[in-house]
Amino acid sequence: MNSTLKYQASSDALADLAAQPQRRGWKMLASALLAMLAVSNTAAASATEAEEPAYEISEFDWLDQTRSRAVPVRLYWPANVEPGASVPLVVFSHGIGGSRRGYSYLGKHWSSHGVASLHVQHVGSDSALWRGNPFGVVERLHDAAQESEAMARASDVSFALDQMLSDATGHMGAAIDPHRIVVAGHSYGANTALLSIGAQVVRDGQVISYRDPRFAAAVIISAPPFYGENNLAAVLGQVSVPTLHVTTTDDVIQIPGYRSGADDRLAIYDAVANPTKLLAVFRDGSHSIFTDRSFTGGPSLNAKTKAATADLSLAFLDLVFRGDGAALTQWRSDWQPILAQARGMDSISLASPQHAVSN
């Protein structure tokens, strides 16, 4: 059944208790990604009735038949795209317990500025974890953090991109610029994004890699320790695309039996070998401040951190795809009051941007 999606998309209030103890025991998944389009819901969205629509929202319930796994997605599409225009795309992976409707502030902001945003829902670690016996939540969280689910998530992202670029999305897929495709994620989704750009581990003497060469850059928000690995340099040494890393000074993940402090986010940044990388650390905040929850970290700081994160990601894309650092320089000036630390923003330059193209 189709449902109408309003401009104020319902926020996923439980979209981000993003904590995941890491366990071993990977098994290789099938690589073929055949798909079937199931349902599409579309609606126009606008800031006020008097304004032109800023973006459109579509939902698709896709099925990866090879894995017998549902892959629901929500697509934020820039309104009034001119015929023949080339549209950048961000593929977004949510934190544990999230859904395709979470992180809507990013989807709205990006699409309002001409960048399409495809939010993937991972059925093995999504909002269904919160349903059922409340005394079983911790066990369900632990189960969802298994490495088999981590691998399935990476396959979800590649499958969703396959679908997005096919006729499953009609004219929108044909409009995507294949040279300006970015993967992004928060918490568990940040690990998923890292897998998609070349993070790899060795299990039983075999290299496990889920790199998708179609991704030209990545936005990594609050990445936890990487699947129990002690040698992060080995895990992240094959990452060869530009990365933006975002966290806060109070970015702590904690559930019974597991804790990850803000230093873990910095360790991920440090271990990425590719020198084209930026880091922004906001003052105070929390791990869940980057979700749609509006009060974590305090309502004032919450709103500012979200706005700064959304702006920074667009400035990062300007730098990567245009070689233009002007927006990044302006961003640092605008958001300095809430910025505790920044790395890579003074010295980084792209003499040859990834692909010098314009909207």
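User: What volume does the largest cavity have?
Analyst: Bear in mind that this is a predicted model, where local features need pLDDT of at least 70, side-chain atom pairs need 80 or more, and totals for chains, interfaces and linings use all residues. Numbering runs from 1 along each chain as its sequence is written, and side-chain values use heavy atoms, without hydrogens or water. The count comes to one cavity of 30 Å³ or more. With grid points joined across faces, edges and corners, and volume taken as the space filled by probe spheres on them, the largest cavity comes to about 40 Å³.

User: Which element gives the most to the lining of the largest cavity?
Analyst: Helices (DSSP H or I, at least four residues) and strands (E, at least two) are numbered from the N terminus. Strand 11 (243-248) and helix 7 (263-271) each give two or more residues to this lining. With three residues, the top contributor is strand 11.

User: How are helix 3 and helix 5 oriented to each other?
Analyst: Axes are lines fitted to C-alpha atoms over the stretch in contact, with angles from 0 to 180 degrees between N-to-C directions. For helix 3 (residues 147-164) and helix 5 (residues 188-196), the axes come within 9 Å and cross at roughly 65°. Under 35 degrees would be roughly parallel, over 145 roughly antiparallel, 65 to 115 is roughly perpendicular and the rest oblique. Helix 3 and helix 5 are therefore roughly perpendicular.

User: Which hand does the crossing of helix 1 and helix 8 have?
Analyst: Helix 1 (residues 104-112) and helix 8 (residues 299-322) pack at about 45°, axes 10 Å apart, so the pair is oblique. If the near helix is turned anticlockwise from the far one by less than a right angle, the crossing is left-handed, and if clockwise, right-handed. This crossing is right-handed.

User: Which residues of helix 8 does helix 1 meet?
Analyst: Contact means heavy atoms within 4.5 Å. From helix 1, Tyr105, Leu106, His109 and Trp110 take part. Their partners in helix 8 are Lys306, Thr309, Ala310, Asp311, Ser313 and Leu314.

Technical notes: On a 1 Å grid over the protein atoms alone, a cavity is a set of points where a 1.4 Å probe fits but cannot get out, and a pocket is an open set with protein on both sides within 12 Å along at least five of seven lines; lining residues have an atom within 4 Å of a point.
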